[in-house]
Amino acid sequence: MTTPSNTTEGLRLPAERARRGGFYLGLILAAMLCLVLFEGLIMFVVGVLIMGEDMGFIGEAGVAGYVGLPVLGGVVTLLPLIALVSRYPALRIDPAGMSKVRRGGEETVRWADIDQVRFNSRQSLLLLVVKEGALPEKPIAVGGPRTVVLYSLGNSLWRRRRPNHPALIVEAVERFAPGKFTDLPWNLGAGGAKGAGASA
């Protein structure tokens, strides 16, 4: 596991590429296994129960017959996921602001453009409530004040996977821009933030 850097110059959290890639690969392998089992079940129902064949009918398709479609589906699904995972950015928080850091460059939101820093209710997304007129080109979360999703912490399903990252982010924000962080979560599923009226 890569240790986040937290120095006097700022905080840098690594991209979630390896962890996310492993998670997606596990999902694909599980789906492939389920598809193989489903194919076996179909062969049993159709061949044995409906057509009255003996149990040997199930094995007539052979290994290639059972794994061909799952492997093809797994490869077709995996390729776009590899491209998606490669785009996950690292996060840097320093005196200049909060930055997405990718291989091709970085993108910084200045502290002067940020009204609030907050998490969603699961603490899996880092969001910025930006001031009016700032970052007009950015896609925003729906509902409430203008909110930009800056960074995914990669723990949507398991909060304990990286328990220190939210705490490190809060500490860095308070160090460089005291008062910008709010612990009121942004509830994307409910279409906005709790206490949005107070933060608009």
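**Note on the largest pocket and the strands around it**

1. The residues that line the largest pocket are E16, L84, R87, Y88, P89, K100, R102, L125, V149, L150, Y151 and S152. The elements that give two or more residues to this lining are strand 4 (97-102) and strand 8, and strand 8 gives the most, with four residues. The volume of the largest pocket is about 200 Å³. On a 1 Å grid over the protein atoms alone, a pocket is an open set of points with protein on both sides within 12 Å along at least five of seven lines, whereas a cavity is a set of points where a 1.4 Å probe fits but cannot get out; lining residues have an atom within 4 Å of a point. Grid points are joined across faces, edges and corners, and a volume is the space filled by probe spheres set on the points.

2. The model is a predicted one, in which local features need pLDDT of at least 70 and side-chain atom pairs count only at pLDDT 80 or more, while totals for chains, interfaces and linings use all residues. Residues are numbered from 1 along each chain as its sequence is written, and side-chain values use heavy atoms, with hydrogens and water left out.

3. The protein has four helices and ten strands, and along the sequence they follow the pattern β-β-α-α-β-β-β-β-β-β-α-β-β-α. Helices (H or I, at least four residues) and strands (E, at least two) are DSSP runs, numbered from the N terminus. Of the 200 residues, 38% count as buried, where buried means under 20% relative accessible area, exposed over 50%, and partly exposed in between (1.4 Å probe, protein chains only). The accessible surface comes to about 11,300 Å², and 64% of this belongs to carbon and sulfur atoms; accessible areas come from the Shrake-Rupley method with a 1.4 Å probe, and for residues only the protein chains shown count as cover. Among contacts (heavy atoms within 4.5 Å) between residues at least 6 apart in sequence, 58% join residues at least 24 apart.

4. Strand 4, named above for its part in the pocket lining, is largely enclosed by the rest of the structure, because five of its six residues are buried. Strand 4 pairs with strand 3 (residues 90-94) in the antiparallel sense over five bridges; two strands pair if DSSP finds at least two bridges between them. In this pairing L91 stands opposite K100 of strand 4, and K100 is also one of the pocket-lining residues. The hairpin of strand 3 and strand 4 has two residues between the strands. Strand 4 is likewise joined to strand 5 (residues 105-110) by six bridges in an antiparallel arrangement, with E106 in strand 5 as the bridge partner of V101, and a hairpin through two residues links strand 4 to strand 5.

5. Which three strands form an open sheet? They are taken in the order 6-7-8, with antiparallel pairing, and the edge strands, each pairing on one side only, are strand 6 (114-119) and strand 8 (147-152). Neighbouring strands of this sheet are turned by 25° against each other on average, direction ignored; for such values, axes are lines fitted to C-alpha atoms, for helices over the stretch in contact, and angles run from 0 to 180 degrees between N-to-C directions.

6. Within this sheet, strand 6 and strand 7 are joined by five bridges and run antiparallel, with I114 opposite V130 in strand 7. Their hairpin has five residues between the strands, and in the turn Q123 has a positive phi of about 55°. Strand 6 is largely enclosed by the rest of the structure, since five of its six residues are buried. D115 lies in strand 6 and is partly exposed, with a relative accessible area of 30%; its C-alpha atom is separated by 9.4 Å from that of G179, 64 residues away along the chain.

7. Strand 7 (residues 125-130) and strand 8 also pair antiparallel, over five bridges, and S152 in strand 8 is the bridge partner of L125; L125 and S152 are both among the pocket-lining residues.

8. Leaving aside neighbours within four places in sequence, K138 is in contact with E107, R146 and V148.
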